[in-house]
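Let's take a friendly walk through a protein model, one part at a time. Have the sequence and the 3D view ready, and follow along as we go.

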Amino acid sequence: MNLKNIPAGMGVGVFAALLVVVKLMPDYASISSTWWVYLLGALIGGLIFAGIKWEFKCSSIAYAGGLGAILLALTLSGVWFSRGMLFTVITLSIAPLYLEKPSGIADVLLSGLTYFGGALTGMAIIGAAGFLDEPRMALGAIFIGVIGAIGSFMMAALLLVMRSHLKP
């Protein structure tokens, strides 16, 4: 059992849960009524990835970064809310990726997806608590999830090329 893969699996599971919610839940369903689907997706994904022997290093860090970015944005929103704050939060959440070398192409490809899964987890948590009722917070959270996922994927890809023996 590889416990280091659990965050990566949780990110993939939460993203799969988003697809289930979009496809099967009614349009008027609130976040607080669908959070259990995200929780179930995270648990199933984490358990599946725990059984995989190959390590997903950057993907696990990206999941934690996405979750942390949403929670940090919520914390800072009462003090300072602007585009600059959103980009600062995204930068801070992607920076830990630099500490780890991606284990391969699959790790790079999953890093953006797991970042978005972490952001979805954060959105489900704060949405169930009622913090996403304000349009400004909801749009900011979606912005962090999408732009952070792109940045996480690009950072992991850049690290794979820079730290490998392959030349671009």
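## Helix α6 and its neighbours

In helix α6, the buried residues are M137, G140, A141, I144, G145, G148, A149, S152, A156, L159 and L160. Buried means under 20% relative accessible area, while exposed means over 50% and partly exposed lies in between, using a 1.4 Å probe and protein chains only. These buried residues of α6 pack against α3 (57–77), α4 (83–94) and α5 (105–128). Helices here are DSSP runs (H or I, at least four residues), numbered from the N terminus.

This is a predicted model, in which local features need pLDDT of at least 70, side-chain atom pairs count only at pLDDT 80 or more, and totals for chains, interfaces and linings use all residues. Residues are numbered from 1 along each chain as its sequence is written, and side-chain values use heavy atoms, with hydrogens and water left out.

How far apart are the end C-alpha atoms of α6? They are 40 Å apart, which agrees with the 40 Å that its 28 residues (135–162) should span at 1.5 Å a residue. The expected span is 1.5 Å times one less than the number of residues.

## The nonpolar core

The largest nonpolar core contains 34 residues, and Y38, I70, Y115, M123 and I144 have the most contacts inside it. Such a core is a set of buried Ala, Val, Leu, Ile, Met, Phe, Trp, Tyr and Cys residues joined through side-chain atoms within 4.5 Å. At least two residues of this core come from each of α1, α2, α3, α4, α5 and α6, and α5 supplies the largest share, 8 residues.

Take a look at I70: not counting residues up to four places away in sequence, I70 touches A119, G122, M123, I126, A141 and I144. Contact means heavy atoms within 4.5 Å.

## A closer look at F49

Is F49 buried or exposed? F49, which lies in helix α2, counts as buried because its relative accessibility is 10%. Leaving aside neighbours within four places in sequence, F49 is in contact with N2, N5, A8, G9, V12, F56 and L110.

Now find L99 as well: F49 and L99 are 50 residues apart in sequence, and their C-alpha atoms are 22 Å apart in space.
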